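User: I have a new structure to go through. Can you take me through it step by step?
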Amino acid sequence: MKIAWFYFASPSTFYRLAGWLAPWFFALAAILGAAGLYIGLFVAPTDAQQGEVYRIIFVHVPASWMSMFIYFVMACYGGISLTFNTRLAAMMARALAPTGAMFTFVALWTGSFWGRPTWGTYWVWDARITSELVLLFLYFGFLALANAFEDPRRGDRAAALLALIGLVNLPIIYFSVVWWNTLHQGASVKFTGTTMQIEMLWGMLLVALSFWMYSIGASLTRVRAIILEREGRTLWARALAT
Amino acid sequence: MTARLEARGLTCSRGTATLFRELSFDVAAGEWLAVRGPNGSGKTTLLRCVAGLTRLDRGEVLWDGEATRASSARFRASLLYAGHLPGIKDDLSAEENLQCALQLRGIAAAPEALRAALADVGLEKRRRLPARRLSAGQRRRIGLARLMLDPAECWTLDEPLTALDDEGQRLFAGLLERHLARGGLAVLATHHDVAPAPARVLRIGT
Amino acid sequence: MSAAVAPLPAAETCGSFPAGFAWAFARDVKLAVRHPGETLLVVAFFVLVASLFPLGVGAEPQLLQRIGPGVIWVCALLAAFLSLPSMFAYDYADGSLEQMALSPHPMVAWASGKIAAHWAASGLPLTVLSPLLGLQYGLDGATLAALAAALLLGTPVLSLLGAACTALALGARGGGMLLALLALPLFVPVLVFGAGAAEAQAAGLSAAPHLSILGAGLILAAMGLPPAVCAAVRIAVD
């Protein structure tokens with residue numbers, strides 16, 4: 001049984017598995033995304049206070065959830081790669097980082113467009129927005145550090161350690177709206193229940209799932225490229241070309 | 001307890017090149033192992049792996065029967081490593097550098113002992129000069145003084161005769177003989193012929 | 001050469017935390033005293049840049065009082081950032097870091113000692129000088145006290161975070177810019193609470209909540225970051 005766990009931890013076998021799985025995840029992402037956006041744009045009722053503009057929530061909130069979730073998974077992969085000295089975990093962490101950075105940027109950007117009509121300003125230095133910006137820089141720092149060394153394995157390890165150090169930022173983002181009185185609204189969706197309309201909630205959840213599927217698909221595709229880059233000189237990789 | 005260093009199946013790669021694969025050797029007390037090979041063959045990496053600086057892909061090093069990865073503090077207490085870089089601070093004098101290096105290894109040496117050791121390596125008159133005013137050979141001699149005063153049982157030295165003149169090389173040979181006679185062991189990467197003959201020569205990269 | 005050829009004594013584990021800490025702290029402080037250029041650079045930068053702001057924004061007293069705590073904090077942060085590379089760079093270049101990695105003393109001991117010495121040579125002078133600069137901005141006594149207290153608690157955290165980032169970036173291409181990208185985002189919470197403490201005091205509220213959070217952050221950082229620094233050093237000497 002122990003062997004089976006680590007079978008797919010070899011880059012050559014994972015390469016084939018990832019190639020087979022990725023299209024399914026993209027397909028799921030498209031379906032869920034279409035469903036979620038349909039509910040969000042057409043089914044959910046107009047908000048009493050904000051009008052139609054609030055509908056950006058169906059992209060903004062799932063994107064910020066994903067930005068934090070992907071960072072957490074990335075840090076976990078980093079931790080695994082440091083503890084077990086595996087190659088593939090480090091490659092997965094690198095594969096996740098660009099997608100995570102993208103969702104962070106989307107969250108900040110859509111939040112900015114939402115902020116303009118509702119708060120009157122495109123940007124404000126409140127706790128949650130500032131810590132989300134810090135998260136974006138943490139992603140950039142991760143990618144910069146990982147690519148700053150001649151030896152890619154050394155870059156993997158340094159970046160994994162950085163990701164673990166930066167984990168402390170996630171609780172700060174999440175709880176910042178509780179700890180400070182800021183402009184940003186508090187959490188309406190908790191594990192215990194929600195104060196939102198049920199259609200809005202469904203819309204957000206479906207789009208969140210769609211983003212999740214997309215992230216998996218994108219990371220699997222990206223990790224295949226990284227595997228080929230690193231293992232390009234091995235026999236199995238050269239066999240692919242012929 | 002007699003010292004014993006064993007290596008089992010050492011494998012290490014840097015980047016895409018595998019430097020050495022499944023290397024095994026034993027060094028008993030009173031012996032030294034010569035590591036030889038062309039430039040870039042992995043001698044330095046092998047020594048750093050034995051010392052525990054560089055991670056091995058596979059294999060383990062055993063000190064007195066215990067894996068050094070598990071009981072690393074014990075191994076580090078018995079290990080003296082000298083690499084290409086001398087580990088000498090320019091702003092400190094020869095005496096201060098020596099004292100610093102020994103204190104880092106947990107050895108408290110009396111000032112008289114430091115002075116005597118520096119006199120033995122010919123740095124008596126220059127011992128209070130900042131190290132930046134010493135020549136490369138003289139800085140290497142601070143390393144020799146350290147070998148004199150450090151009771152470590154396992155020496156892993158990378159090209160210890162670099163920059164030493166004939167007298168310095170004789171000094172080193174004498175120190176190595178004394179170390180081996182006292183029951184210590186050594187792993188040296190050197191292309192020179194050092195006086196007490198090595199118990200075994202390990203060739204890498206050929 | 002001494003002729004006695006006694007057998008070598010059995011090696012005891014002769015490493016300990018206090019010995020390692022004291023070794024690193026004493027050595028680095030001695031080196032900083034012998035080579036005071038770094039400390040002088042940090043102090044000079046701090047004073048210069050903090051003096052540039054009134055020239056740039058105009059010397060209107062109310063404006064200066066309003067921006068004073070924040071500006072002084074940003075200047076202290078940038079000055080502390082400037083001094084980061086020297087923490088490990090020289091030891092890495094001349095081989096001392098390898099010898100330290102192989103020392104019988106626990107790694108966290110000398111790493112903490114180095115960080116403490118770095119703070120003594122950079123953060124501490126900044127903290128001591130801050131009241132003088134605060135006077136230049138027209139801040140009152142209570143605000144000056146809050147500012148100095150915040151810097152006293154915050155600059156060690158900056159040294160600790162900076163040490164982790166510097167150790168991670170040892171041997172990397174990209175030099176200063178990479179270090180800025182790594183360190184400055186991690187510095188942001190310290191800046192927010194540190195400047196917030198002085199600003200709260202200036203606004204008539206108590207600075208205690210901010211200072212407590214800074215203190216808690218310092219304790220967390222002092223416990224959690226030295227092991228991270230050690231892990232980064234191990235990666236660097238690999």
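Analyst: A residue is buried if 20 or more other C-beta atoms lie within 10 Å of its own, exposed if 12 or fewer, and partly exposed in between, with C-beta atoms placed from the backbone. This is a predicted model, where local features need pLDDT of at least 70, side-chain atom pairs count only at pLDDT 80 or more, and totals for chains, interfaces and linings use all residues. Residues are numbered from 1 along each chain as its sequence is written, and chains are lettered from A and ligands numbered from 1 in the order in which they are written.

User: Ok, is A:Asn85 buried or exposed, or partly exposed?
Analyst: A:Asn85 counts as partly exposed because it has 13 C-beta neighbours inside 10 Å.

User: And where does A:Asn85 lie?
Analyst: In the loop between helix H3 (57–84) and helix H4 (87–119) of chain A. Helices (H or I, at least four residues) and strands (E, at least two) are DSSP runs, numbered from the N terminus. Phi of A:Asn85 is near 55°, a positive value in a residue other than glycine.

User: How many helices and strands are in chain A?
Analyst: Chain A has nine helices and two strands. From the N terminus on, the order is α-α-α-α-α-α-α-β-β-α-α. Of its 242 residues, 40% count as buried.

User: Switching to chain B. What is phi of B:Asp64 near?
Analyst: Near 55°, a positive value in a residue other than glycine. B:Asp64 sits in the loop between strand E4 (58–63) and strand E5 (66–67) of chain B. With 18 C-beta neighbours inside 10 Å, B:Asp64 is partly exposed.

User: Which strands form the open sheet in chain B?
Analyst: Five strands, in the order E6-E7-E8-E3-E9, with parallel pairing. Two strands pair if DSSP finds at least two bridges between them. E6 and strand E9 (200–203) are the edge strands, each pairing on one side only.

User: How many bridges join E3 and E9 of chain B?
Analyst: Strand E3 (residues 32–36) and E9 of chain B pair over four bridges. B:Leu33 stands opposite B:Arg200 in E9(B).

User: Last one: how many residues of chain B are in contact with chain C?
Analyst: 35 residues of chain B are in contact with 31 residues of chain C. Contact here has C-beta atoms, placed from the backbone, within 7 Å. The largest share of the chain B side, five residues, comes from H2(B).

Note on methods: Two residues are in contact if their C-beta atoms, placed from the backbone, lie within 7 Å.
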